[in-house]
Amino acid sequence: MNQLYRALHMPPARLAKKLAGWKEVYTIAVRPVPAEPGHEPLPALGAGAYTPLPGTPGHWYADPLLYRRGGERWLFCEDFDLAANKGSIAAFPLGPGGRPGAPQTVLEAGCHLSFPTVFDWNGETWMIPETGADRTLCLYRCRAFPGEWELVRAFPVGKELADTIVLDAAEEELTLLCSQVRPENGLYTRYRRYALRPDPEEEGGFALEEDEPFGLEHRFYDLGARNAGPLFCWGGQTVRPAQVSTKVDYGVYLQFWTRRGDKETPLCAATPQNVTISGLDPAAVIGIHTYCRDEELEVIDARYLTRLK
C-alpha cells in the first residue's frame, strides 16, 4: 500500500493527528451479552458500553477468541510488542462478567503471530495461529493448558494465509477457511478452503489439502473476504463474522453472514459508530475488525488513535 496514497485519502482530522504524532493501536473490549428486551440486534453492538482489557505498557492486544475449558473461560489474543514490531499469543483468564485476570504469553515464534484459533478436536486441544508472514499454516497441540504448545507441523502453503477459522469438524477431518492476502496490496484478500486430516504416513501425522474447486469459485480478491472471528450461533443460525477494509484502510467494519447449506447470506454490518468503549473517545475509534461471543459475553477489538507515552 502506497502510504502517500493512503495519506491523501485519509480523513483530514485523522491525518492531522497522525502528523502530530498520534498512533493507531488496538484494544480488546468485553461486555455481558445484553439481556434487556429489544437489545439483541446482530450483533448487539449498540446496546451498552464495552470495557477494555487492562493495557500493558509497550503492547497492544487484538484478535480475541473466547475458549471454554471445564468451568473456566479464557480469552486468547494477539499480543503485539511495539518495540519488537512483532506479535505473540497471550491468554487472559476471564472471571464473572468478563473480569480479566493477568495475561500470560502462551506462544512465541520466529515470525509474527496473531488470530489464535483454539479448538477441541478428537479429545485434544489445538491452535492454528496466523503465521502468514512465514507462508505457512501451523498446527499446534496443547501439552499443558494454557501455556505449553507443541508445533505438530508447519505446512508450507506458499502463500500468505490469514485469519483461519474452523468451518466444520469431524473425527476424520477438519474443514478450514482462510484468507489469502494479495501480495501487492494486503487490503485485498480471497477465501481459501483446506481439509486437515490425520495421516500417520505424513510428517507430524497430518495432511493438509487445498479445496481447488472452492478456490476457483473464489479466485478474485476483494476488500471483504477476511474472517473476523469464529463461527457462532445466534437465533438458531450459524453466523460468520467477516472484516471489511476500504481501498485505503484496513479492518474498518464488520459484516455478518449466515450459513444456509453451502451458501451464505448477509445479515448486517457493524461500524465503529455502533460501538461504545468505556474510556475511549468515540471519535478516536476508526475500526473494529474482530468479534466473538458465547452465551454470556461479547468481545470485540477496536483500532483507535492515541498518543503513546
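Strand 12 and strand 13 (residues 189–198) run antiparallel to each other and pair over 8 bridges. Two strands count as paired if DSSP finds at least two bridges between them, and strands (E, at least two residues) and helices (H or I, at least four residues) are DSSP runs numbered from the N terminus. This is a predicted model, in which local features need pLDDT of at least 70 and side-chain atom pairs count only at pLDDT 80 or more, while totals for chains, interfaces and linings use all residues. Residues are numbered from 1 along each chain as its sequence is written, and side-chain values use heavy atoms, with hydrogens and water left out.

**The sheet around strand 12**

- Strand 11 and strand 12 make a hairpin, with 2 residues between them.
- Strand 12 is mostly covered, as 8 of its 9 residues are buried; buried means under 20% relative accessible area, exposed means over 50%, and partly exposed lies in between (1.4 Å probe, protein chains only).
- These pairings belong to an open sheet of 4 strands in the order 11-12-13-14, with antiparallel pairing.
- Strand 11 (161–170) and strand 14 (206–210) are at the edges with a single partner strand each, so one side of each has no neighbour in the sheet.
- Neighbouring strands of this sheet are turned by 25° against each other on average, direction ignored; the axes are lines fitted to C-alpha atoms, for helices over the stretch in contact, and angles run from 0 to 180 degrees between N-to-C directions.
- As a general rule, side chains in a regular strand alternate between the two faces of the sheet.

- Strand 3 pairs with strand 4 (residues 72–81) in the antiparallel sense over 9 bridges.
- Arg 68 faces another arginine, as Arg 73 in strand 4 stands opposite.

- Strand 20 is mostly covered, with 9 of its 9 residues buried.
- A hairpin of 3 linking residues leads from strand 20 to strand 21, and these two strands pair in the antiparallel sense over 7 bridges.
- Val 285 stands opposite Tyr 304 in strand 21.
- The largest nonpolar core has 23 residues, and Leu 45, Tyr 50, Ile 277, Ile 288, Tyr 291 and Ile 300 touch the most other members; such a core is a set of buried Ala, Val, Leu, Ile, Met, Phe, Trp, Tyr and Cys residues joined through side-chain atoms within 4.5 Å.
- Strand 1 (23–32), strand 3, strand 18 (253–260), strand 20 (285–293) and strand 21 (297–306) are the elements that give two or more residues to this core.

**A closer look at Arg 135**

- Arg 135 lies in the loop between strand 8 (124–130) and strand 9 (136–144).
- Is Arg 135 buried or partly exposed? With a relative accessible area of 40%, Arg 135 is partly exposed.
- Leaving aside residues up to four places away in sequence, Arg 135 touches Phe 155, Pro 156, Val 157, Gly 158, Lys 159 and Glu 160; a contact means heavy atoms within 4.5 Å.
- Arg 135 and Phe 155 are 20 residues apart along the chain, and their C-alpha atoms are separated by 8.6 Å.

**The whole chain**

- The secondary structure of the protein chain comes to 3 helices and 21 strands.
- Along the principal axes, the C-alpha atoms fill a box of roughly 55 × 45 × 40 Å.
- Of the 309 residues, 49% count as buried.
- Among contacts with a separation of 6 or more, 49% are between residues 24 or more positions apart.
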